[in-house]
Amino acid sequence: MQDYDAVIIGSGPNGIAAAIYLQQKGLKTQLIEAKPQPGGATKTGELTLPGFQHDIGAAVLPMAYSSPFFEQLPLEKYGLKWIFPDIPFVQTLGNGDAVACYKEVEKTAKGLEEDELAYTKLMGTLVTDWPKIANDILGPLGIPSHPLKFMNFGRYALLPAKTLANHYFKNLKSKSLFYGAAAHSTLPLTNLVSASFGLVLTIMAHQNGWPFPEKGVSSLINALLAYYKDLGGELILNKTITSSKQLPSSKIQLFDLTPKQLLDIEGLNFSKTYRKRLSNYNYGSGVFKIDWALNEPIPFLNEKCRKAGTIHIGFSPEEIEISEQVISEGKIAEHPYVLLVQPTVFDKTRAPEDKHIAWAYCHVPNGSKKDCTEIIEQQIEKAAPGFKKTILKRSVMNTKQLELFNPNLVGGDINGGRQDITQLFTRPVVKISPYKTSNDSVYICSSSTPPGGGVHGMGGVNAAKQALKDHFN
Ligand SMILES: Cc1cc2nc3c(=O)[nH]c(=O)nc-3n(C[C@H](O)[C@H](O)[C@H](O)COP(=O)(O)OP(=O)(O)OC[C@H]3O[C@@H](n4cnc5c(N)ncnc54)[C@H](O)[C@@H]3O)c2cc1C
């Protein structure tokens, strides 16, 4: 007799998704979390002043909204309400100009002037095809259900972002817009597959927008956990697992952890070969993150920036390219590409009346302890002169502080491992099912498995499906 059918360790979006899936299938499960607050890198809290609710990790959740798993769950019933900014994302340009990615492909394309036709041709088909290929792209490598559509996406997605942008677009606006989306990859834009991030995120903007939960990302986590508990699932907080002996007895264990942490847990009985393969896993760049409590909205020069939830700051394609390139050389650009989110322009629940919050980060080398406050704020100041005067208080996190907040953020890597061509599809090791380990009862379900980083829960669901098939069929 076992205490549970399955125990899941780590309550990030992937751990929760795995727990819900197995509980839905009738298994008895327990979800164990080290920290007092669940959610992993998807968590809201007061980082600056009382009444200012900041997202400590993830902030904008297009992948959660479009997740083939989360979208089936009755989360609105559990209090989740989505907020849709007027414009999904905007890219700053020089001289106070900016270019927008609207929900509508045509409206976006119009803003790209001579590239209007090229953008419509490229994105139109991909956006239409997305619902048919999403499950294949968000799952482990296998035979796709719509091979031609999948291959059509793949022929663009495998390219370096720079190659794709220069091949399809003529003007700086289109190139900058695409570079800003592709830079989410945390890869140099000359690397293979860096285009895939720009494409997937842009497709999502056109499919559904780039929404975030009202009151912050914890609203998603709270809704998921309330549903999980209603299904009969058990959540245990404040329990850090360092040895298998701490776990209740169960047929299977799913770890929402990255390889480095998994290797530190005693008693998992991995083979020598598997341990060696896990120890070769590579982590990607880190981030330096700032949260601000603000006295007023950010005074962006450009109206489009004032209407967008997410603003990519960088003032030319070259500047964004250099910013992402020098990180792989262990350096930080003087003028970094900055990702900025301004939730309170659209959600008044998160700050006292007439006050605001903002969230931003730039990419840095893994493990960097450099304070990037000044260079980030300088970049914002160029797009929004007077920004610094609006700051009431700031909270900063370098890569080490991020790792203390959540041990999965190894060296400040927010994606659970480098997402380059060698690891994007075959993380954490090359295996027919990457969720399986060398121990038949132990699975890995974090963002260190396909499809990788982001709040979508699909790594968790894919691992749970595999475990169910292996042990309960
Ligand atoms: C600053 C930042 C910004 C981001 N922005 C976005 C964004 O805007 N949109 C987006 O989609 N994604 C974003 N992400 C990425 C996203 O948050 C992650 O990809 C996602 O949270 C990964 O989910 P996960 O379940 O794999 O792991 P995690 O969310 O990392 O959860 C892992 C959990 O396991 C727990 N744990 C670890 N070790 C143990 C142990 N030994 N015992 C028990 N519990 C343990 C941790 O405490 C944690 O709660 C961002 C991340 C960061 C850090």
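## Backbone geometry

Asn269 is located in the loop that runs between α10 (259-264) and α11 (272-279); helices (H or I, at least four residues) and strands (E, at least two) are DSSP runs, numbered from the N terminus. The model is a predicted one, in which local features need pLDDT of at least 70 and side-chain atom pairs count only at pLDDT 80 or more, while totals for chains, interfaces and linings use all residues. Residues are numbered from 1 along each chain as its sequence is written, and side-chain values use heavy atoms, with hydrogens and water left out.

Asn269 has a positive phi, near 55°, although the residue is not a glycine. With 65% relative accessibility, Asn269 counts as exposed; the class exposed means over 50% relative accessible area, buried under 20%, and partly exposed in between (1.4 Å probe, protein chains only). Thr186, also not a glycine, has a positive phi of about 55° and sits in the loop between α7 (172-182) and α8 (194-208). At 12% relative accessibility, Thr186 counts as buried.

One joins Arg427 and Pro428, with omega about -5°, and Pro428 is placed in the loop between α15 and β16. Another joins Pro450 and Pro451, with omega about 10°; Pro451 belongs to the loop between β16 and α16 (458-471). Most residues other than glycine have a negative phi, and most peptide bonds are trans.

## Ligand surroundings

Around the ligand there are 38 residues, of which Glu33, Val60, Asp256, Asn406 and Gly454 come nearest; a residue is included if one of its heavy atoms lies within 4 Å of the ligand. By class, this shell has 16 nonpolar, 17 polar and five charged residues. Here Ala, Val, Leu, Ile, Met, Phe, Trp, Tyr, Cys and Pro count as nonpolar, Asp, Glu, Lys and Arg as charged, and the others, Gly among them, as polar.

For Ala41, the distance to a ligand oxygen atom is 2.9 Å, and for Gly454 a ligand oxygen atom lies 2.8 Å away. Taken alone, the ligand exposes 1000 Å², and the protein buries 94% of that. The elements giving two or more residues to the shell are α1 (13-24) and β14 (356-364), with α1 giving the most, three residues.

## Salt bridges

The count of salt bridges is 13, each being a side-chain nitrogen of Lys or Arg within 4 Å of a carboxyl oxygen of Asp or Glu. In one of them, Asp55 pairs with Arg350, the closest N and O atoms being 3.1 Å apart. Asp55 lies in strand β4 (residues 54-55) and Arg350 in the loop between β13 (338-341) and β14, so the pair ties together parts that are 295 residues apart in sequence. Both Asp55 and Arg350 are buried.

Lys388 and Glu374 form another salt bridge (3.2 Å, N to O). This pair links distant parts of the chain, with Lys388 in the loop between α14 (373-383) and β15 (391-397) and Glu374 in helix α14, 14 residues apart. Lys388 is partly exposed at 30% relative accessibility, and Glu374 is partly exposed at 47%.

Terms used
Polar contact = N/O pair within 3.5 Å; in protein donor to acceptor, adjacent residues only side chain to side chain. Areas by Shrake-Rupley, 256 points an atom, 1.4 Å probe, with all protein chains shown as cover.
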